[in-house]
Amino acid sequence: MVAICVTMSCRLHPEELLVVLRATQCPHLLLILSAQTAYGGTRLEGYSAKQEFLFLTTVPEVGKLPEEKHFPEELQPTGKMLPDSRLDQPLIYLERLELIRNVCRDEALKNLSHTVVSKFVLDRIFVCDKHQILFCQTPKVGNTQWKKVLIVLNGAFPSIEEIPENVVHDHEKNGLPRLSSFSKAGIQKRLKTYFKFFIVRDPFERLISAFKDKFVHNPRFEPWYRHEIAPGIIKKYRRNRTETRGIQFEDFVRYLGDPNHRWLDIQFGDHIIHWVTYAELCAPCEIKYSVIGHHETLEEDAPYILREAGIDHLVSYPTIPPGITVYNRTKVEHYFLGISKRDIRRLYARFKGDFKLFGYQKPDFLLN
């Protein structure tokens, strides 16, 4: 008997029906029905006394998956490339989205995976109306390059190479409107109809990158991280009061793993975007994203995102330096060396939702 299978690659929007026929080795039909999801959610208390929370009108669901699908362990998205013989690109992106849907249904993880679509979230989402694209910013995951792509698409500069570095993050000059700047109706319309994406990476490796960038190297002159935020963390979380060195990664881990970290978050304001969870930044259980890219597979994911968004003929993702996206376990072990298992477990407890939502393996080599 001859099996004839076709894989369809489609832009994922509400009310679209995606049908994927697995090739030869897969004897079943995978049917995924995209359903509109509500943009509201459980309110996330805290963050900033200055913040306004914007509650969006619930959009009724128009359909649900007939049953929850569980992927075998070997097919769970991990942010690592599968061997070429098993990599079906359109399918792997659908699997990532279905994994998110399944984790969002898990009541045990609800406090770690759900958030309200507040002004804090809407401030993270950049808009390209010309090409109907929404990009949610997840700092320390190569966001600078994606901002450059959108800046060119919005017409502020003719090419990525011509964008001055100091303009990319200057939101007065870069021509990137935030979703929060639109009316309630405008926000809902864009969330329902635009191509939406964001990028993730291993949660602990992202925290290491944030620590290095903001407290060690600080390549852009941002003195508040060292002169305001670091002293606040040291004062509350340093155990050895005679230690006079600047902030250490161990202090940072204790702060992030503290269940009562929010009182400091309020003081730090929006600077916390560099280390809060993906769930808090982009609300993946409340907003139906079209594609989730992984930093570890960015060489494949970036071109795929550009194609799905229909802009691959207009702009290219900047060249990715060799090896920069590879998960570095040795580096992770080095940074966590000497930190107590209790503190690491508390840190994992906070970021467990991110590990589960995006298929990253639990770092047992650090926890046990």
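In the predicted model, the N-terminal end of helix 7 is capped by Asp 202, a side-chain oxygen of which lies 3.1 Å from the backbone nitrogen of Phe 204. Asn 218, with a positive phi near 45 degrees, follows the helix. Because 12 of the 15 residues are buried, helix 7 is largely enclosed by the rest of the structure. The buried residues include Phe 204, Leu 207, Ile 208, Phe 211 and Phe 215, as well as Glu 205, Arg 206, Asp 213 and Lys 214. Among the elements covering them are helix 8 (223–237), helix 9 (249–257) and helix 14 (341–357).

Phe 215 also belongs to the largest nonpolar core, which has 95 residues; Trp 146, Ile 233, Tyr 255, Trp 275 and Phe 336 are likewise among those with the most contacts inside it. Helix 1 (residues 89–104) supplies the largest share of this core, seven residues. Beyond its neighbours within four places in sequence, Trp 146 is in contact with residues including Phe 135, Phe 197, Leu 298 and Tyr 317.

Two disulfides were identified. The sulfur atoms of Cys 104 and Cys 285 are 1.9 Å apart, and their link is left-handed, with -90 degrees about the S-S bond. Cys 104 lies in helix 1 and Cys 285 in the loop between helix 11 and strand 6 (291–294), so the pair ties together parts 181 residues apart in sequence. In sequence order, the bonded cysteines pair 1-4, 2-3.

Notes. Residues numbered from 1 in each chain as written. Predicted model: local features only at pLDDT ≥ 70, side-chain atom pairs only at ≥ 80, totals over all residues. Heavy atoms only, no water. Buried < 20%, exposed > 50% of the residue type's maximum accessible area, 1.4 Å probe, protein only. Helix = DSSP H or I, 4+ residues; strand = E, 2+ residues; numbered from the N terminus. Contact = heavy atoms within 4.5 Å. Polar contact = N/O pair within 3.5 Å; in protein donor to acceptor, adjacent residues only side chain to side chain. Core = buried A, V, L, I, M, F, W, Y, C linked by side-chain atoms within 4.5 Å. Disulfide = S-S within 2.5 Å.
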